[in-house]
Every structure is written in C-alpha cells, then in structure tokens.
Amino acid sequence: MKILVVEDEEALAEALSEILKRNKYSVDAVYDGEDGLEYAMTGLYDCILLDIMLPKMNGLDVLRILRKKHISTPVLLLTAKSDIEDKINGLDSGADDFLTKPFVSGELLARVRALTRRKGEVITDEFTYGDVALNKSTFSLSREGQFVKLSLKEYQIMEMLMANPKQLIPKERFIEKIWGYESDVEYNNVEVYISFLRKKLHVIGSDVTIKTARGVGYFLEGGD
Ligand code: CA
C-alpha cells in the first residue's frame, strides 16, 4: 500500500510518514499543493492524506481538480480543528473522510485502513492465493502450518503480486510503488527480492510460483 502525504508543516509530515512506515505502508511526502497535485495525478497511491491550508494551491482545490480528472484515490483531509465549514466544503469537493489535528496514531491508522479496504473485501489480516497465505500482522508467508518471515520489501512485493493474481506486474510498477516515485533503484534490486521470495515459497513447499515475463515483469502462477 502506498500513501501520499501532502502537508506543509514538515514536522507533522515527518510524523505522519513515520507512523505509516512503521505500519508497513510506503510513503511519499510533499509540502505544497502543486506538488501534491502532480504526485496525486500519477494515480499510484492507495490513499492521500491532504492538508487544507497549503502553500501554492489549497487542499480543496487540489481535491476538486483530482476528482474532475477522474482520479478517485481515497482522500483523507487533514483539518486544523473541528471546523464544520471545512468539512462541508471538503465533502462537496470529493473528500472521503477527515482527520482533525491533533490526532492520535491509532485513529489515523484506523481511517487509512477503512479507506484502503477494497469494496466488498472481507476484513482480514490475510491475503491468500493458491495454497499460500500472506499475513499482514505477522509479516509471514505460510502454507499448512509451515511459515517463513518476510522482510519489508519482500512483503510489499508479495502483497502486490497477491492483490493482482495472474496479472503481469511490470518491474517499473514495483519500483514506483515500493521504492518511490523518483527512485533511482536499479531493476536488479527487484530481481534480488523476487529470488528471495521464490526461495521462501520453495521452503514452505508451495505450488505457487513467481513467473518472469522476460524484460517486462512478474506474475503469480499455481493458484488453481
Ligand atoms: Ca497547513
């Protein structure tokens, strides 16, 4: 899951990013409305945390433009106080929810979880595909009682593969989602993590395999 934080108070942006990263989200943070709009327009994010009072372009204008351009990424507006006017304007502009500053991390995480839950998705800590289960809270991959721990990057790659089973995911997509929008990570790094994951799938004796579409990307097989 990848989250965009648009907040001009850098200390707060930093605190938000820290909380989210500790909870296994990938995070990009930007500090004004124009950058917020530019990043959000990529459509790469699963959720956007958007402050209202921002330099260059305010959050409500960013939100209106996004919705006009049919970017439907869930938006959690950050409001300075429990201001009813802000909330009405926010809803009219296409916001999905609000978080009133100051907030506690538990509330932030609960709201982000609610917004990123897929429609109709059962609330669970597990993704399953074929004979394997990927557990979000223990960070492990398991099959019939056998399990292996995953590193953060391994987990994020496996989550992307299992959320889109049988779909070919280009290498660039992994880099954008996991390493960051303007990352200079070499493609080789993705290959390294894929090879770790293949070994771990083998260790637990799974029939699921990560296939390579040469020069393009990866997809899962063996779920039938
Ligand atoms: Ca602000």
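**Close-up views of a predicted model**

View 1. Residues are numbered from 1 along each chain as its sequence is written, and side-chain values use heavy atoms, with hydrogens and water left out. Serine 195 sits in helix 8; helices (H or I, at least four residues) and strands (E, at least two) are DSSP runs, numbered from the N terminus. With a relative accessible area of 28%, serine 195 is partly exposed; buried means under 20% relative accessible area, exposed over 50%, and partly exposed in between (1.4 Å probe, protein chains only). Isoleucine 210 is 15 residues from serine 195 along the chain, and their C-alpha atoms are separated by 8.9 Å.

View 2. Distant parts of the chain are linked by a pair 43 residues apart: aspartate 8, in the loop between strand 1 (2-6) and helix 1 (10-22), and aspartate 51, in strand 3. Aspartate 8 is partly exposed, at 31% relative accessible area, whereas aspartate 51 is buried, at 4%.

**View 3. Helix 1 and its buried face.** Let us start with length: at 1.5 Å a residue, the 13 residues of helix 1 should span 18 Å, and the end C-alpha atoms are 18 Å apart, which agrees. The expected span is 1.5 Å times one less than the number of residues. Leu12, Ala13, Leu16, Ser17, Ile19 and Leu20 are the buried residues of this helix. Seen down the axis of helix 1, they fall within an arc of 165°, so they line one face; the arc is that of the directions from the helix axis to the C-beta atoms. The face turned away from the buried side carries the exposed residues Glu10, Ala11 and Arg22. Among the elements covering the buried residues of helix 1 are strand 2 (26-30), strand 4 and helix 5. Lysine 24, which follows helix 1, has a positive phi, near 70°.

**View 4. Helix 3, from start to end.** At the start of helix 3, a side-chain oxygen of asparagine 58 reaches to within 2.8 Å of the backbone nitrogen of leucine 60. Helix 3 covers residues 59-68, and its buried residues are Gly59, Leu60, Val62, Leu63 and Leu66. Down the axis of helix 3, these buried residues fall within an arc of 155°, so they line one face of the helix. Their cover includes helix 2 (33-40), strand 3 (47-51), strand 4 (75-79) and helix 4 (84-93). Histidine 70 follows helix 3, and its phi is positive, near 65°.

**View 5. Two nonpolar cores.** A nonpolar core is a set of buried Ala, Val, Leu, Ile, Met, Phe, Trp, Tyr and Cys residues joined through side-chain atoms within 4.5 Å. In the largest nonpolar core, which has 28 residues, those touching the most other members are Leu141, Met158, Leu161, Met162, Phe174 and Ile210. Helix 6 gives the most to this core, with six residues. Leaving aside neighbours within four places in sequence, phenylalanine 174 is in contact (heavy atoms within 4.5 Å) with Ile157, Met160, Leu161, Ile169, Trp179, Val190 and Tyr218. A second, separate core of 22 residues includes Val6, Met57, Leu60 and Ala95.

**View 6. Threonine 116 in helix 5.** Threonine 116 belongs to helix 5 (residues 105-116) and is buried, with a relative accessible area of 11%. A polar atom of the threonine 116 side chain lies 2.9 Å from the backbone oxygen of valine 112. Not counting residues up to four places away in sequence, threonine 116 touches Met1, Asp46 and Cys47.

Terms used:
Predicted model: local features only at pLDDT ≥ 70, side-chain atom pairs only at ≥ 80, totals over all residues. Polar contact = N/O pair within 3.5 Å; in protein donor to acceptor, adjacent residues only side chain to side chain.
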